[in-house]
Amino acid sequence: MRRATSLSSHLGQTDRIFASPKTRQLLAAVDAGLEQIEIGLDTELIFADTVADTSTRYLLEAGGKRVRPMLILLTAQLGAGNTVDVITAAEAIEITHLGSLYHDDVMDDADRRRGVPSAHAVFGNSAAILTGDLLFARASQLMAGLGERAIRLQANTFERLVLGQLHETVGPQDGEDAEAHYLQVLADKTGSLIAAAAQAGVIFSGADEAFEPAVIEYGEKIGVAFQLIDDVIDLSPQPEETGKVPGTDLRAGVATLPLIHLRVLAETDQDAAALLARIEAEAAAGTEGAASADFTAAITELRQHPVTTRTLTEAHRWAHEAVAALDPLPDGPVKQALTRFAETIVDRSK
């Protein structure tokens, strides 16, 4: 069985060495919960149908950071901790996330996910889409067992996931600001599920409902920061670490924030316009086969360009605002861990 990434490993060696007894207790509780969730995911994604069992477990077995379950477990420590309902909600939200990956990779025509060939490359587009649907159904079944509030949380979050994907697909409308449009897409596609995870920890641990607005805002903003860092990671020259071929999103025609900034700059800067043309020529040619040498060189230039530095600055700003949203929470190890977690999110590009 895979081992879930521990909270301790996310926070780093220094955090572990200098942790107070209360913080060590928190770390132990979250790590124990992650082990329970990992076992639960293995159980919940067993299907009698051989085809379904193989396809649904494909990306699960490729691993993952388990960011959303970790957040549920963290905010649950504001209440009764790792209750049965908290563990179930964490499994449902992670399965929802897993289902979204199958759909996203089809939409983006991504070659790889989590270091392995993407599901649609292995099973075909139709099977990958249907597998995602099956995972959404299984997640909904789990949430249904937790009552009406859980059903509403799942339904509202799923609606935002779909709207985010829809708006990404059709792009900004005439007169709409491209950057504002993109940030809303990130809030819907990524922030909504992370916010739901943080909220679920409060709800299903019986914590004070007054904490909900703070953790929802935190989750939403962390989600945007997380995806902005992914925009930078998409330009990484080390696919063995990222699990993606450099420029995968750009080759698929996805307008990430560095590209959006480059398009604005290209209106007045000839060098930026030339770089933009080289990148967009590859997207227009399609994503079949290996990237051209010119595209690879263009990605290197974009990675070193000020528009990418600006994207990193934006990611840090969103993470800082996420931490500021935690002010209403009581001081203590939960708040400290959430703050440190926000810092690790934006450190992933280093």
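I take a residue as buried when its relative accessible area is under 20%. The model I am reading is a predicted one.

**Entry 1: Ile-95**

I looked up Ile-95 and placed it in helix H6. Its relative accessibility is 0%, so Ile-95 counts as buried. I then asked which residues Ile-95 is in contact with, leaving aside neighbours within four places in sequence. I noted Leu-41, Glu-44, Leu-45, Leu-135, Arg-138, Ala-139 and Leu-142. For one of these, Leu-135, I also took the spacing: Ile-95 and Leu-135 are 40 residues apart in sequence, while their C-alpha atoms are 6.1 Å apart in space.

**Entry 2: Arg-66**

I went to the loop between helix H4 (50-60) and helix H5 (67-76), where Arg-66 is found. Arg-66 is not a glycine, yet I read a positive phi of about 55° for it.

I noted how the chain is divided: domain 1 covers 21-207 and domain 2 covers 208-349. Taken over C-alpha atoms, the centres of domain 1 and domain 2 are separated by 20 Å. The contact takes 39 residues from domain 1 and 41 residues from domain 2.

I next looked up the area buried between domain 1 and domain 2, which is about 3,100 Å². Carbon and sulfur atoms give 70% of that area. Which three residues supply more than any other three of the area that domain 1 buries against domain 2? I found Leu-78, Glu-179 and Tyr-182, which supply 18% of it.

**Entry 3: the second largest pocket**

I turned to the second largest pocket, which holds about 330 Å³ of space. I noted 18 residues in its lining. Glu-168, Gly-171, Gly-253, Val-254 and Ala-255 are the ones nearest the centre of the pocket. The elements that give two or more residues to this lining are helix H6 (84-108), helix H9 (148-170), H10 and helix H14 (257-266). H9 gives the most, with 4 residues.

I sorted the lining by type and got 10 nonpolar, 5 polar and 3 charged residues. I also checked which domains the lining draws on: at least three residues come from each of domain 1 and domain 2.

**Entry 4: His-181**

I looked up His-181 in helix H10, which runs over residues 178-205. With a relative accessible area of 10%, His-181 is buried. Not counting residues up to four places away in sequence, I found that His-181 touches His-167, Glu-168, Gly-171, Pro-172 and Glu-176. Glu-168 and Gly-171 are already in my notes, among the residues nearest the centre of the second largest pocket.

**Entry 5: helix H14**

I went back to H14, one of the elements in the pocket lining. How many of the 10 residues of H14 are buried? I have 7, so I wrote H14 down as mostly covered. The buried residues in H14 are Leu-257, Pro-258, Leu-259, Ile-260, His-261, Leu-262 and Ala-266.

Last, I looked up what the buried residues of H14 pack against. My list has H10, helix H11 (212-233), helix H13 (248-251), helix H15 (270-285), helix H16 (293-303) and helix H17 (306-324). H10 is also the helix that holds His-181.

Key: Residues numbered from 1 in each chain as written. Predicted model: local features only at pLDDT ≥ 70, side-chain atom pairs only at ≥ 80, totals over all residues. Heavy atoms only, no water. Buried < 20%, exposed > 50% of the residue type's maximum accessible area, 1.4 Å probe, protein only. Contact = heavy atoms within 4.5 Å. 1 Å grid on protein atoms, 1.4 Å probe; cavity = no way out; pocket = protein on both sides within 12 Å on 5 of 7 lines; lining within 4 Å. Points joined across faces, edges and corners; volume = space filled by probe spheres on them. Nonpolar A, V, L, I, M, F, W, Y, C, P; charged D, E, K, R; others polar. Domains from an automatic or database assignment. Buried area = accessible area lost by both parts, 1.4 Å probe.
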